Amino acid sequence: MLAIPDSIRTFLKSKIMVGNNRPTAKINIAGMPAGTSLQDPAAWTSWQLFTSTAQSRGNMCETADGRAIMIYVDGTDIKLAYAPTVTGALDGTETFDFVNAVTIASGKDLALTSITLVNEKLNVIMIYKNTATSSIVAEFWRDNDGNGTGMDKVSDIYTALNSYDVSADDFDLTPSLIHRLGNGNLVCTLPYFYISMVETRLIKAF
């Protein structure tokens, strides 16, 4: 380890990091809007297009063997599609193979999904409307190997995430990614639909 000489240490302590002594930096982001809000997505020009409007309500992560995997909703089907690498998918040199996408669940009305690699397994949260009961249901799914093989339901997380009959106009808050706590528990956040608001609830019992 390189020690800082006492004279230099004293000099640094004597400087107030404001005014002429303030640290400066300049960051240039390609595609950033000039003179408009950075929070306005319409002002950016370098968005990478992953999917069409029929392939939405999900997210992307990396598989155990290093591929990019996307979970998305197509009609009432929940599907998985792959690209060779996450880097390639992000920089636009590779595309997801939606032609050979794998359907893991069907008949899920108004579905929303998320996928996360945790404990070398791909973990999926899906919420959807049970049309027979009008209840919003949340389920936990997991694969066998972290690569999407043998994706199957593990358990229900919640069987009634609503206090009224939710319509498509209300259904727009995707479940969070799954995270692992220090004690090994898995946690996520889910929307709970009230007639006048949507509440986010932390779920940590699975």
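Reader: OK, what does Lys-129 touch, leaving out residues up to four places away in sequence?
Author: Lys-129 touches Asp-109, Leu-110, Ser-134, Ser-135, Ile-136, Asp-165 and Val-166. Keep in mind that this is a predicted model.

Reader: Which strand is Lys-129 in?
Author: Lys-129 sits in strand E6, which covers residues 121–130.

Reader: Is Lys-129 buried or exposed?
Author: Lys-129 is buried, because its relative accessible area is 13% and the cut-off for buried is under 20%.

Reader: What does the polar end of that side chain do? Which backbone oxygen lies 2.8 Å from a polar atom of Lys-129?
Author: That's the backbone oxygen of Val-166. Val-166 is also one of the residues on the contact list of Lys-129.

Reader: And how far is Lys-129 from Ala-111?
Author: Their C-alpha atoms are 7.0 Å apart, although 18 residues separate them along the chain.

Reader: Switching topic: how many salt bridges are there?
Author: There are six salt bridges. One of them joins Glu-139 and Lys-108, with 4.0 Å from N to O. That pair links distant parts of the chain: Glu-139 is in strand E7 (residues 135–142), Lys-108 is in the loop between E4 and strand E5 (109–118), and they are 31 residues apart.

Reader: Are Glu-139 and Lys-108 buried or exposed?
Author: Glu-139 is buried at 3% relative accessibility, and Lys-108 is buried at 13%.

Reader: Why would two side chains like that pair up at all?
Author: Side chains of opposite charge can pair when their charged atoms come close.

Reader: Which residues are linked with Lys-108 and Glu-139 in a network of salt bridges?
Author: Lys-153 and Asp-156 are in that network too. Asp-156 and Lys-153 form a salt bridge with their closest N and O atoms 2.7 Å apart. Asp-156 is partly exposed at 41%, and Lys-153 is partly exposed at 36%.

Reader: What about Arg-67, which residue does it form a salt bridge with?
Author: Arg-67 forms a salt bridge with Asp-65, and the closest N and O atoms are 3.1 Å apart. Arg-67 is partly exposed, with a relative accessible area of 27%, and Asp-65 is partly exposed at 44%.

Reader: Now the rings. How many aromatic pairs are there?
Author: Three aromatic pairs. Tyr-72 and Phe-98 form an edge-to-face pair, 5.2 Å centre to centre with 90° between the planes. Tyr-72 lies in strand E2 (residues 68–74) and Phe-98 in the loop between helix H2 (86–91) and E4, so the pair ties together parts 26 residues apart in sequence. Tyr-72 is buried, with a relative accessible area of 2%.

Reader: Which residue joins Tyr-72 and Phe-98 in a cluster?
Author: Phe-96 does, through ring pairs.

Reader: And why is the pair of Tyr-192 and Tyr-194 called tilted?
Author: Their planes are at 55°, so the pair is tilted, and the ring centres are 4.8 Å apart. Tyr-192 is buried at 11%, while Tyr-194 is partly exposed at 28%.

Definitions and conventions
Residues are numbered from 1 along each chain as its sequence is written. This is a predicted model: local features need pLDDT of at least 70, side-chain atom pairs count only at pLDDT 80 or more; totals for chains, interfaces and linings use all residues. Side-chain values use heavy atoms; hydrogens and water are left out. Helices (H or I, at least four residues) and strands (E, at least two) are DSSP runs, numbered from the N terminus. Buried means under 20% relative accessible area, exposed over 50%, partly exposed in between (1.4 Å probe, protein chains only). Contact means heavy atoms within 4.5 Å. A polar contact is a pair of N or O atoms within 3.5 Å; within protein, one must be able to donate a hydrogen and the other to accept it, and residues adjacent in sequence count only if both atoms are side-chain atoms. A salt bridge is a side-chain nitrogen of Lys or Arg within 4 Å of a carboxyl oxygen of Asp or Glu. Rings of Phe, Tyr and Trp (its six-membered ring) pair if their centres lie within 6.5 Å; planes under 30 degrees apart count as stacked, over 60 as edge-to-face and the rest as tilted.
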